[in-house]
Every structure is written in C-alpha cells, then in structure tokens.
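Please open the structure in the viewer and keep the sequence at hand.

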Amino acid sequence: MNNVYYVYVHYKLSDGTPFYIGKGKDYRHNSKKNRNNYWKNIVNKLERTGYSYEIRMVITGVSEKEAFDIERERILFWKNIVDLANK
C-alpha cells in the first residue's frame, strides 16, 4: 500500500474559516481544476474582494483509505459550523 495521500483544508483569509476539506496526492491541494461551482464562487468572491485562501495540511503520508476516513471526519465536524463547498 502506498502512503502518498494527504488531507488538506482551504481556509478563507478574509475571516479564517475553512470552506473546503479534501484528500489528495501530488499537487491536488493547489489545483483550481476540477472544483465544483460552489468552490469556484467562493474563490472568485475572495479574489474580487482582495483576499485569497490558505491551504493547511491536516496529515500527510497516509493511505488513500486513511485519508478518506480523516477527510470524512473533518467534514462531519465542520459541516454544521461553517458552510463548506464539499457537496
């Protein structure tokens, strides 16, 4: 089993809240491709208002299953606190 996956969170620099939680490998955390429209709208609004977003790694070097489980736990935690772009 390859331990090449990670879990990351995109945070709004406007207010410090998370808006997306994901798992990935390679450079997925930095990619703007293959994002849903809700994610794109948040990023576009941030950029229009002079802000951006920050990427924070939660964990790295784990299996895909471990990354998926951690991603799911984080989404379940945050989904009732903030409006996530994870749809």
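Which residue lies over the face of Trp39? Select Trp39 and Arg35: Arg35 lies over the face of the ring, at 5.0 Å from its centre. A charge counts as sitting over a ring if NZ of Lys or CZ of Arg is within 6 Å of the ring centre and within 35 degrees of the ring normal.

This is a predicted model, in which local features need pLDDT of at least 70 and side-chain atom pairs count only at pLDDT 80 or more, while totals for chains, interfaces and linings use all residues. Residues are numbered from 1 along each chain as its sequence is written, and side-chain values use heavy atoms, with hydrogens and water left out.

Next, select Arg56 and Tyr11. The charged end of Arg56 sits over the ring of Tyr11, 3.8 Å from the ring centre.

Now turn to the ring pairs. Rings of Phe, Tyr and Trp (its six-membered ring) pair if their centres lie within 6.5 Å; planes under 30 degrees apart count as stacked, over 60 as edge-to-face and the rest as tilted. The count by this rule is six aromatic pairs. Select Tyr8 and Tyr20: the ring centres are 6.1 Å apart and the planes meet at 40°, so this pair is tilted. Tyr8 belongs to strand 1 (residues 5-12) and Tyr20 to strand 2 (residues 18-24), twelve residues apart; strands are DSSP runs (E, at least two residues), numbered from the N terminus. Tyr8 is buried at 0% relative accessible area, and Tyr20 is buried at 13%. Buried means under 20%, exposed over 50% and partly exposed in between (1.4 Å probe, protein chains only).

Finally, select Phe77 and Trp78. Their ring centres lie 5.2 Å apart with the planes at 90°, so the pair is edge-to-face. Trp78 is partly exposed, at 21% relative accessibility.

Notes: Helices (H or I, at least four residues) and strands (E, at least two) are DSSP runs, numbered from the N terminus.
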